[in-house]
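Subject: Structure for your files

Hello,

Here is the structure we talked about, with notes on what was found in it. Please read the notes with the model open.

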Amino acid sequence: MPAPAADPVSRNALVILATIAAGAVLFWLSDILTPLALAMFLAVMIDGFARVLQARLPGVSRRAAVPLAVVLSVAIFGGAAFFVADNATNFATQLVAYAPKLNGIIARLAGMVGMDVPPTITQLIQQADPASHLGQVARGLQTFASTAAFVLVYLGFILASRRGWERKAVSLFGARDERQEAVAAFLRIRNGVEQYLWVQTVTGLMIAVASWIAMAAVGLDNAVFWAILIFIASYIPVVGGIVAVALPPIFAILQFDTLWQAVVLFGVLQAITMFVGNIIQPRMQGRSLNMDPIVLLLALAFWSAVWGLPGAFLSTPLTTVMMVILAQFPGTRWIAVLLSEDGDPGPSRDISPDTTPDQGPSPPPASRPAAKRRSKNLRSGT
């Protein structure tokens, strides 16, 4: 006697419970999984960078493209980190010089709320008791150093074992159709992550350069430092826009005696981020991401709560991977439909393995029959 079919409501409830359990496991194993996720993210970025170098630079072979991409990536990220760390000390020193201005701002704010004796910035710092937090800061730096070391170790092993992935795929999927579906899903994940990285990098550079010009025009100190921070923050959804628009005008209030510099800077930065975010970025991104904006915001909150700052950086790529994987199984496809923007999370793109990030995805297969009909009509003269 055949077993009764599972109730769809019960099946969906089991999927939700499994999702909650997976979130708990991700939180408990964050020390192990966070470096691995960052290493895989960097491996995808380096792989895409290598294919761009191979396509753009004459004489660069496929074998030499990966080491060249690794060297350039380390040089770029290392140089940016060194510059930020070197300028952070000067930035902290300038904050001490702004103490009288901060005391005046605090006094005005205290007068607005009816406080007779406003506190000074020194008193506020003493109440915060920064000495009690030095241990936490030291532990955080130690955790960052160990995480960076694990990321580099994982990255080295991932890059070294990338040649065996094809043989593993053949061993995992004996049937040709299953193997083709798995390869198509992998290519779609790779294309989505690479396209996201490409778009965020280009638009982040646009915002950072335009913001630097605006900050230098009004005479804001440490304009290059702020521009680099804006570029780094552009990889975090929502938060990057807030950093780009809010922080430089706040420090303009501290630096200048008049308010027009802060007001002009706020208006210009707001116009820059809105123009790039609402006009340029959607045109570059197209349908490659296919993620609902509300889902991106919720994903930012979820992954930030589970993995902290690394989760904030990886929230969009991880959610893209989840949507593609969930779309492959009938029992979880409804979750992928909710995550997608147009309600079609299925593998609707035919992606070539040699597609570079700046070339974008191929047209959806659904549009090819229409194109064939149009071509046939043109040949027949109709």
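**Aromatic residues**

Trp-226 has a relative accessibility of 4%, so it counts as buried. Please keep in mind that this is a predicted model. Phe-225 is also buried, because its relative accessibility is 6%.

A search of the whole structure finds six aromatic pairs. The rings of Phe-225 and Trp-226 form an edge-to-face pair, because their planes stand at 70°, with the centres 6.0 Å apart; the cut-off for edge-to-face is over 60 degrees. Phe-231 and Tyr-235 are also paired edge-to-face, at 5.7 Å centre to centre and 80° between the planes. The two partners fall on either side of the 20% limit for buried residues: Phe-231 has a relative accessible area of 21% and is therefore partly exposed, while Tyr-235, with 17%, is buried. Ring pairs also join Phe-225, Trp-226 and Phe-251 into a cluster.

Ser-234 sits in the loop that runs between α9 (223-233) and α10 (239-255). Is Ser-234 buried or exposed? Its relative accessibility is 14%, so Ser-234 counts as buried. Apart from neighbours within four places in sequence, Ser-234 is in contact with Gln-200, Gly-204 and Gly-240.

**Overall make-up**

The protein has 14 helices and zero strands. Of its 382 residues, 34% are buried. Among contacts with a separation of 6 or more, 68% are between residues 24 or more positions apart.

In soluble globular proteins, nonpolar side chains tend to be buried together. In this model, the largest nonpolar core holds 28 residues, and the members that touch the most others are Leu-197, Trp-307 and Leu-314. Two or more residues of this core come from each of α2, α3 (62-97), α6 (134-160), α8 and α12 (293-326). Which element gives the most to this core? That is α2, with nine residues.

Leu-314 is in contact with Ala-37, Leu-38 and Phe-41, leaving aside its neighbours within four places in sequence. There is also a second, separate core of 22 residues, with Tyr-98, Ala-227, Phe-256 and Ala-262 among its members.

**How α2 meets α8**

Helix α2 (residues 30-56) packs against helix α8 (residues 176-218) with the axes 10 Å apart and an angle of about 80° between them. The two helices are therefore roughly perpendicular to each other, because angles of 65 to 115 degrees count as such.

On the α2 side, the residues in the contact are Phe-41, Val-44, Met-45, Asp-47, Gly-48 and Arg-51; on the α8 side they are Arg-190, Val-193, Glu-194 and Leu-197. By class, this contact has five nonpolar, one polar and four charged residues.

Two of these residues come up elsewhere in these notes. Leu-197 of α8 is one of the residues that touch the most other members of the largest nonpolar core. Phe-41 of α2 is one of the residues in contact with Leu-314.

Regards

Methods: Residues are numbered from 1 along each chain as its sequence is written. Side-chain values use heavy atoms; hydrogens and water are left out. Axes are lines fitted to C-alpha atoms, for helices over the stretch in contact, and angles run from 0 to 180 degrees between N-to-C directions. Helices (H or I, at least four residues) and strands (E, at least two) are DSSP runs, numbered from the N terminus. Angles under 35 degrees count as roughly parallel, over 145 as roughly antiparallel, 65 to 115 as roughly perpendicular and the rest as oblique. Contact means heavy atoms within 4.5 Å. Ala, Val, Leu, Ile, Met, Phe, Trp, Tyr, Cys and Pro count as nonpolar, Asp, Glu, Lys and Arg as charged, and the others, Gly among them, as polar. Buried means under 20% relative accessible area, exposed over 50%, partly exposed in between (1.4 Å probe, protein chains only). A nonpolar core is a set of buried Ala, Val, Leu, Ile, Met, Phe, Trp, Tyr and Cys residues joined through side-chain atoms within 4.5 Å. Rings of Phe, Tyr and Trp (its six-membered ring) pair if their centres lie within 6.5 Å; planes under 30 degrees apart count as stacked, over 60 as edge-to-face and the rest as tilted.
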